[in-house]
Amino acid sequence: MEPEDAQRRIEADVARKLPVSLLMSNDPAEQVFQFVVVNQKATPTKTSLLGTIISTSLSTEITKSKSIS
């Protein structure tokens with residue numbers, strides 16, 4: 001077996017595929033919003049932790065303009 005074939009076979013058998021999200025904005029409010037959305041859909045975090053993140057990171061105007069539910 002050629003080394004390249006062996007590498008492909010090993011990668012196919014043991015490699016993990018991880019989803020990655022890229023944000024095109026460095027706005028902290030957008031980053032927090034996306035964090036909340038991802039965590040509510042994938043592996044939810046406790047409501048108290050989300051409340052803390054939102055209350056310490058987002059202004060009232062932002063939380064009203066972005067419906068987080």
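Local features required pLDDT of at least 70 and side-chain atom pairs pLDDT 80 or more, whereas totals for chains, interfaces and linings use all residues. Residues are numbered from 1 along each chain as its sequence is written, and side-chain values use heavy atoms, with hydrogens and water left out.

The protein chain contains four helices and zero strands, in the order α-α-α-α from the N terminus; helices (H or I, at least four residues) and strands (E, at least two) are DSSP runs numbered from that end. Mean pLDDT, the predictor's confidence in each residue on a scale from 0 to 100, is 78 for the chain, and 78% of its residues reach 70 or more. Confidence is highest in helix H1 (residues 3-14), at 87, and lowest in helix H4 (residues 60-65), at a mean of 58. Where pLDDT is low, the predicted coordinates should not be read in detail.

Of the 69 residues, 14% are buried (under 20% relative accessible area; exposed, over 50%; partly exposed, in between; 1.4 Å probe, protein chains only).

One salt bridge is present (a side-chain nitrogen of Lys or Arg within 4 Å of a carboxyl oxygen of Asp or Glu). It joins Arg-8 and Asp-5 at 3.0 Å, N to O; both residues lie in helix H1, three residues apart, about one turn of the helix. Arg-8 is exposed, at 52% relative accessible area, while Asp-5 is partly exposed, at 36%.
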